[in-house]
Amino acid sequence: MIRSTAHLRIRKTALLAAIALPALMAMSAASAKTLVYCSEGSPENFYPGINTTGTSFDVTEQIYDNLVNFERGGTKVVPALAEKWTISKDGLEYTFNLRKGVKWQSNKNFTPSRDFNADDVLFMFERQWKENDPYFKVTSSNHSYFGDMGMPALLKSVDKVDEYTIKLTLNTPEAPLLANLAMQFAGVQSKEYAIAMLKAGTPEKIDQEPVGTGPFQLVQYQKDAIIRFKAFSQYWAGKAKIDDLIFSITPDASVRWAKLQKGECHVMPYPNPADLDTMRKDSNVVVQEQPGLNIGYLAYNTTKKPFDDVRVRKAINMAIDKKAIVSAVYLSTGVAATNPIPPGQWSYNKAIKDDPFNPAEAKKLLAAAGFPNGFTTDLWAMPVQRPYNPNAKRIAELMQADLAKVGVKAEIKSFEWGEYRKRMQNGEHQMGMLGWTGDNGDPDNFLNTLLGCASAKSNGSNVAKFCYQPFDDLVLKAKQVTNPAERTKLYEKAQVIFKEQAPWFTIAHAVQIAPVRKEVIDYKLSPFAKHTFYGVDIK
């Protein structure tokens, strides 16, 4: 009974959204430029410091700014809220000169009395770092990116030199620091808004009803239906070219495509690979594509039996027919993955050979590990399409069939996306599918964030709970070296250890694809699979 009423409610919400969206577009089209993006899901919340999904970052990306940013469509770090910076010779001090005259957005709860300044940057760091900060636990205390990037151990101090100067002092040199600060977790919130909401007894409002310095401000959010933004007229880099930005939340890829064809949305992410031929033939649509900086994988929980035994992990790797999965599910949009980093990432180790598909050898390894008749396990599959995985449920079914042939009975499990991610970070799975799109163009963002000991221990993004000292030593050393050739050698060695220890079954690297309507001007694909609408225009 509960299921059917929930189902009716979802259908009713979807119906209302379907009716409301064309009406909204018609209303605003008369007076303003409106761009509709058919997004794939609802954000976790509006606070980038605790989010880990691209779905959420696509939303907060529009609202907040960082000290530094990536150039649009590229990986180069450029000034943002900091106009310039200096780095000391020993690499331990970073001094940021902040931009003056940057305005904050306002909403029904809050009207700013001052411009952006150093206090706001200090608040961004301390909220994620200092447990005695009143905002440390508001919404969630799991600042997983801040932890995964090793920021608590890296930062010695963050000091306000004056209203428009901030100095970071580090405990050790950190080669990827600037690129890390361009990532979403370092989006700057208003300290003044935070104080006002704390006084009002509603501190969570800063994460539910966000205020940023970014190009768009939030107007309305209806979970699983719609997010409306309007261009922030006082944006420091100049008002956006479009006036209204609408996220029409559409989890089904076929429905997104139908809406794009009808002109009900202008840009869509994650098309079904099977629809691509039709899309390419549509004269109203341009299919943008480029190699993805991503990896889709099956993580073994290395702290749980039987996956604490490397022989079992290797056996599963050999029992699954990777080529069959890639050709059946990714079609022309993916390449089989050998390493934990994509081939386009510098320091990729070309010399490494993948585990062969060899069920007979897999059986021998299982017998040697004490499982001559196999065993029973769970196999978690994501409920949503991701840039690195077009259909996790289908992949899970193919894996399940392969594993049955070596005596391993796998039960497929799934949960709502936010819940799924949280439970995997908590290590509740035995085997689970996940993936990653690079955040900053640095190998550290894959090898350390996804496979380092700190991230395993902090319930961060290392869902294999893999903590292997020889691997960790190489990756941590590589962070402190500035010479790219030296860093490359260390990362190449780390990839060899990864393959020997097999904490994952590496599935595929997906090609990044975005079907865009012809009336959209200057939409750029991001190497990080972000969807950014500042700079985009519409005819």
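**Reading cavities, pockets and backbone**

Guide: Begin with the count: there are 4 cavities of 30 Å³ or more. Keep in mind that this is a predicted model.

Visitor: What is the volume of the largest cavity, and which residues lie nearest its centre?

Guide: A cavity is a space where a 1.4 Å probe fits but cannot get out. Here the largest cavity has a volume of about 430 Å³. Its lining consists of 30 residues, and T52, T53, G54, F57 and Y145 lie nearest the centre.

Visitor: Which elements supply at least two residues of that lining?

Guide: Helices α2 (54-63) and α15 (417-425) each do, and so does strand β16 (431-437). The largest share, 4 residues, comes from β16.

Visitor: How does the lining of the largest cavity divide by class?

Guide: There are 16 nonpolar, 9 polar and 5 charged residues in the lining of the largest cavity.

Visitor: How much space lies in the second largest cavity?

Guide: The second largest cavity holds about 200 Å³. It is lined by 18 residues, and Y270, P271, P387, V511 and I513 are the closest to its centre. Strand β17 (residues 504-517) gives the largest share of this lining, 4 residues. By class, the lining has 13 nonpolar residues, 4 polar and 1 charged.

Visitor: Now the pockets. What space lies in the second largest pocket, and what lines it?

Guide: A pocket, unlike a cavity, is an open set of points. The second largest pocket has about 460 Å³ of space. Its lining has 28 residues, with E61, N69, F70, T532 and Y534 nearest the centre. Two or more residues come from each of α2, β2 (68-70) and β3 (77-79). Helix α2 also supplies at least two residues to the lining of the largest cavity.

Visitor: Let us step back to the whole chain. How many helices and strands are there?

Guide: The protein chain has 19 helices and 19 strands. Its radius of gyration is 23 Å, close to the 24 Å that the globule rule gives for 539 residues, so the chain is as compact as a globular protein of that length. Along the principal axes, the C-alpha atoms fill a box of roughly 70 × 55 × 45 Å.

Visitor: What share of the residues counts as buried?

Guide: Of the 539 residues, 57% count as buried. As for contacts with a separation of 6 or more, 70% are between residues 24 or more positions apart. The chain exposes about 21,700 Å², and carbon and sulfur atoms supply 53% of that area.

Visitor: What should I look for in the backbone?

Guide: Look for exceptions, because most residues other than glycine have a negative phi, and most peptide bonds are trans. The bond from K305 to P306 is cis, with omega near -5 degrees. P306 sits in the loop between β12 (294-300) and α11 (310-319).

Visitor: Which residues have a positive phi although they are not glycine?

Guide: N459 is one, with a phi of about 55 degrees, and A529 is another, at about 60 degrees. N459 belongs to the loop between α17 (453-457) and α18 (469-480). A529 belongs to the loop between β18 (520-521) and β19 (537-538).

Visitor: Are N459 and A529 buried, exposed or partly exposed?

Guide: The cut-off for buried is under 20% relative accessible area, and exposed is over 50%. N459 has 28% relative accessibility, so N459 counts as partly exposed. A529 has 10%, so A529 is buried.

Note on methods:
Residues numbered from 1 in each chain as written. Predicted model: local features only at pLDDT ≥ 70, side-chain atom pairs only at ≥ 80, totals over all residues. Heavy atoms only, no water. 1 Å grid on protein atoms, 1.4 Å probe; cavity = no way out; pocket = protein on both sides within 12 Å on 5 of 7 lines; lining within 4 Å. Points joined across faces, edges and corners; volume = space filled by probe spheres on them. Nonpolar A, V, L, I, M, F, W, Y, C, P; charged D, E, K, R; others polar. Rg over C-alpha atoms; globule rule 2.2 N^0.38 Å. Buried < 20%, exposed > 50% of the residue type's maximum accessible area, 1.4 Å probe, protein only. Contact = heavy atoms within 4.5 Å. Areas by Shrake-Rupley, 256 points an atom, 1.4 Å probe, with all protein chains shown as cover.
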